[in-house]
Amino acid sequence: MPKTIQSNGETRNPEVYSVEELLDLLHKGVENLDPVKISNTPPHIIASFLNRLSVDDCRAVLRKIPEIDASAILAEMDIEVSAEIVAAMREWRAIRILEKFDPDDAADLINELDETDRIRLLSKLTPRTAKKVQSLLKYAPDTAGGVMTPNFVSVDVNMTVEQTIQEVRRMKDQITEVSYIYVVDAQRKLKGVLSMYELILADPKDKVADIMRTELKGVCSPQEDREKVALTMGELNLYDLPVVDDEGRLLGIVEHDDVIDIIQDEATEDFQKLVGAGADETIHDDLLFSVRRRSPWLLVNLLTAILGATIISLFQEEIKHLTLLAVFMTTIASLAGNTGAQTLAVAIRSMAIGDIETFDNLRICIKEGVKGILNGVLIGIVASLAVFALTKELKMASVVFLAMILNMGLGGLAGAFIPLILKRFGFDPAQSSSIFLTGLTDICGFLIFLSLGTWFLL
């Protein structure tokens, strides 16, 4: 049993690298790695460390690790980085590592390689592995077919429970975890499903056809969007989801651990796209890569800012005569932007989990606009009282009150309208919605406030 030591109140294994120790090696050099400790360290910790290193340093670290562990580490890393490392490896070692991958992970990695490396490595894999990987490469990475695994337990509909248990035992080296046994006919068409719990409790002489569940929930096609697959599995509380072709033949299953990755990836992508960053961008990416991803949306942001400045320039004379307008107009626009951002976050989440249908659009926009108005009344009262206390100007306080109501109502409406209209025209609702929202609330906020100020005060 490994020894443990006490450090800062925490118990840890001295034969395993901590995150802090690995980060310290960024400065000391990877040649100082202890081969025993690095082999014992969990794959996700090593993967996080390798994501910070050059390809050559990654290869140097992985040379200290058995191939089965190296494959687990590469599967935890950013897929683009993993592909670069495998492409740079000596061919025989790359092949041996790819053979240790789960087929779906191997397909994801090989899909990231350039065509020459893809053909070269596929031709050297064992026929069994190559066939599985090539069957998955037919499907786009963001579909059910792209994330499914062909490794699952299926049995003939005419088999007995005892024969089924023998089949599970026979496949123990190929499949490490079994949640469901899928029952198929001679043409591989899915007929039913059986949980391990149901199998173990059944009489060994029973036919699986008599105890299987024929009501199949959540069956999907290989072209199904992977985000929809994840939502289906979450709604139905399934461990695995079968994937069938148009004729009902079982092709593979989407496993629960893949769904966790899908949900995490989709949430990360939506959050980053919301503010105009690249969907696949990470903090360790190359400088030019990040600049290319961000600059187009920053230019859009610049355009909306120029439009806002143009609105202000139209009221130069009014602002000269009443500088208090300049003092408060940014506050009004800021509150409208925050109101819209709140609505935007709720709307995009609701769209992502399928809570919004097309016939809901008008009702949702009106409802969110009313929410903004009601919040505007509340915030407007507080803001106008503060302005009156500061300036002793009743008209200025009234302008702030009215502008707050109108702008926050607009913010709520825009926060719902923008993602809905983007989806209506086939764009990703999360794609830089916040940039469009900020631009709209700034432009309209300045226009409304300065117009009200002109009418009431000058």
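Helix 6 (residues 79-88) packs against helix 8 at an angle of about 75 degrees, and their axes lie 8 Å apart. That angle makes helix 6 roughly perpendicular to helix 8. The model is a predicted one. From helix 6, the residues that meet helix 8 are Ile-79, Glu-80, Ser-82, Ala-83 and Val-86. Helix 8 answers with Asp-108, Leu-109 and Glu-112. By class, this contact of helix 6 with helix 8 holds four nonpolar residues, one polar residue and three charged ones.

Now take helix 7 and helix 9. Helix 7 covers residues 91-100, and helix 9 covers residues 115-124. Their axes are 10 Å apart, and the packing angle is about 70 degrees. Helix 7 is therefore roughly perpendicular to helix 9. The two helices cross in a right-handed sense. Helix 7 brings Glu-91, Ala-94, Ile-95 and Leu-98 to the contact. Helix 9 brings Arg-120, Leu-121 and Lys-124. Four of the residues in this contact of helix 7 with helix 9 are nonpolar, three are charged and none is polar.

Which residues of helix 10 (residues 127-137) are buried? They are Thr-129, Ala-130, Lys-132, Val-133 and Leu-136. These residues span an arc of only 165 degrees around the axis, so they sit on the same side of helix 10. The other side of helix 10 has Pro-127, Arg-128 and Lys-131, which are exposed. What do the buried residues of helix 10 pack against? Their partners are helix 7, helix 8 (103-112), helix 9 and helix 11 (144-147).

Helix 3 (residues 43-50) packs on helix 5 at an angle of about 60 degrees, with the axes 8 Å apart. This makes helix 3 oblique to helix 5. The crossing of helix 3 and helix 5 is right-handed. On the helix 3 side, Pro-43, His-44, Ile-46, Ala-47 and Leu-50 take part. On the helix 5 side, the residues are Ala-72, Ile-73 and Glu-76. This contact of helix 3 with helix 5 divides into six nonpolar residues, one polar and one charged.

Helix 5 (residues 67-76) also holds Ile-68. In sequence, Ile-68 and Cys-58 are 10 residues apart. In space, they are 16 Å apart, C-alpha to C-alpha.

Next comes helix 12 (residues 161-170). Its buried residues are Val-161, Thr-164, Glu-167 and Val-168. They cover an arc of only 115 degrees around the axis, so they fall on the same side of helix 12. The face turned away from that buried side carries Arg-169 and Arg-170, both exposed. Several elements cover the buried residues of helix 12. Among them are strand 3 (154-156), strand 4 (180-184), helix 13 (196-201) and helix 14 (208-211).

Two loops deserve a look at the backbone. Most residues other than glycine have a negative phi. Arg-188 has a positive phi of about 70 degrees, although it is not a glycine. Arg-188 sits in the loop between strand 4 and strand 5 (190-195). Arg-188 counts as partly exposed because its relative accessible area is 34%. Where does Asn-237 lie? Asn-237 is in the loop between helix 15 (226-236) and strand 6 (240-244). Asn-237 has a positive phi too, of about 55 degrees, and is not a glycine. With a relative accessible area of 63%, Asn-237 is exposed.

The last stop is Thr-343, in helix 19 (residues 324-352). Thr-343 counts as buried because its relative accessibility is 7%, and buried means under 20%. What is Thr-343 in contact with, leaving aside its neighbours within four places in sequence? The contacts of Thr-343 are Glu-368, Gly-412, Gly-415 and Ala-416.

Key
Residues are numbered from 1 along each chain as its sequence is written. This is a predicted model: local features need pLDDT of at least 70, side-chain atom pairs count only at pLDDT 80 or more; totals for chains, interfaces and linings use all residues. Side-chain values use heavy atoms; hydrogens and water are left out. Axes are lines fitted to C-alpha atoms, for helices over the stretch in contact, and angles run from 0 to 180 degrees between N-to-C directions. Helices (H or I, at least four residues) and strands (E, at least two) are DSSP runs, numbered from the N terminus. Angles under 35 degrees count as roughly parallel, over 145 as roughly antiparallel, 65 to 115 as roughly perpendicular and the rest as oblique. A crossing is left-handed if the near helix is turned anticlockwise from the far one by less than a right angle, and right-handed if clockwise. Contact means heavy atoms within 4.5 Å. Ala, Val, Leu, Ile, Met, Phe, Trp, Tyr, Cys and Pro count as nonpolar, Asp, Glu, Lys and Arg as charged, and the others, Gly among them, as polar. Buried means under 20% relative accessible area, exposed over 50%, partly exposed in between (1.4 Å probe, protein chains only). The arc is that of the directions from the helix axis to the C-beta atoms.
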